[in-house]
Amino acid sequence: MARKQLAPEDWSMAALRAMARGGVAAVSVNALASELEATRGSFYWHFKDRDALLTAALELWERQNTASLIAELSGVTDPRRRLRALFTTALGHQEIAGLEPAIVAHADHPAVAPVLRRVTDRRIAYLTELYADLGLEPPSARRQAVVAYAAYLGWVELRRAAADILPEVADTGDTAATALEHLLAELERPGLRS
């Protein structure tokens, strides 16, 4: 039976899943080849080495979870609705559970650091713009953006590490929906003050 033709994105997604499970060290060419039922030759057809795969995977994460989401939200003209849509999407069901905390945990890795810095900068800039659109002065908008982003990172880390004892941070269920609604209300509140 012939094996299916793999694209670089197939390898990148497998690398992201491995990273979510076990960090950067879990991204092993042999393990990914086994998971994808592929050969090492298939890997080397697309990538020079493991570091090239890590970079491609992280850039895919950047495109899908930052650039595409921001572009998707550009059609929402009301800033309060855009903020709500942003956090509802970001804190909703994750395609690869635990990926964000795994990436942040490796912030000093040479392949992770530049991508994570770009993503963080882009997300903070976008949140700052949203809070400015809600009426905050630029310094206050920036501070609120940092607080909101910290809340997001904490939420996804709690989901990864303690969802069994904190049903509020789950991605489904009534308790989680109520907690998410409370968080959204708190993140929107600064926009009511000038």
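**Exercises on a predicted model**

**Exercise 1.** Work out which residues of α5 and α7 meet, and describe how the two helices pack.

*Solution.* Start with the contacts: in this predicted model, Pro-79, Arg-82, Leu-83, Leu-86 and Phe-87 of α5 touch Tyr-126, Leu-127, Leu-130, Tyr-131 and Asp-133 of α7. Sort those residues by type and you get 8 nonpolar, no polar and 2 charged.

Now for the geometry. Two packed helices are described by the angle and the distance between their axes. Here, the axes of α5 (residues 79–90) and α7 (residues 112–133) come within 9 Å and cross at roughly 145°. The crossing is left-handed.

**Exercise 2.** Classify the ring pair of Phe-43 and Tyr-44, then decide how buried each residue is.

*Solution.* Look at the rings: their centres are 4.8 Å apart, with 85° between the planes. Planes over 60 degrees apart count as edge-to-face, so that's the label for this pair. Next, accessibility. Phe-43 counts as buried because its relative accessibility is 0%. Tyr-44 comes out at 40%, so it counts as partly exposed. Finally, see what else joins in: ring pairs link Phe-43 and Tyr-44 with Trp-11 and Phe-47 into a cluster.

How values were computed:
Residues are numbered from 1 along each chain as its sequence is written. This is a predicted model: local features need pLDDT of at least 70, side-chain atom pairs count only at pLDDT 80 or more; totals for chains, interfaces and linings use all residues. Side-chain values use heavy atoms; hydrogens and water are left out. Axes are lines fitted to C-alpha atoms, for helices over the stretch in contact, and angles run from 0 to 180 degrees between N-to-C directions. Helices (H or I, at least four residues) and strands (E, at least two) are DSSP runs, numbered from the N terminus. A crossing is left-handed if the near helix is turned anticlockwise from the far one by less than a right angle, and right-handed if clockwise. Contact means heavy atoms within 4.5 Å. Ala, Val, Leu, Ile, Met, Phe, Trp, Tyr, Cys and Pro count as nonpolar, Asp, Glu, Lys and Arg as charged, and the others, Gly among them, as polar. Rings of Phe, Tyr and Trp (its six-membered ring) pair if their centres lie within 6.5 Å; planes under 30 degrees apart count as stacked, over 60 as edge-to-face and the rest as tilted. Buried means under 20% relative accessible area, exposed over 50%, partly exposed in between (1.4 Å probe, protein chains only).
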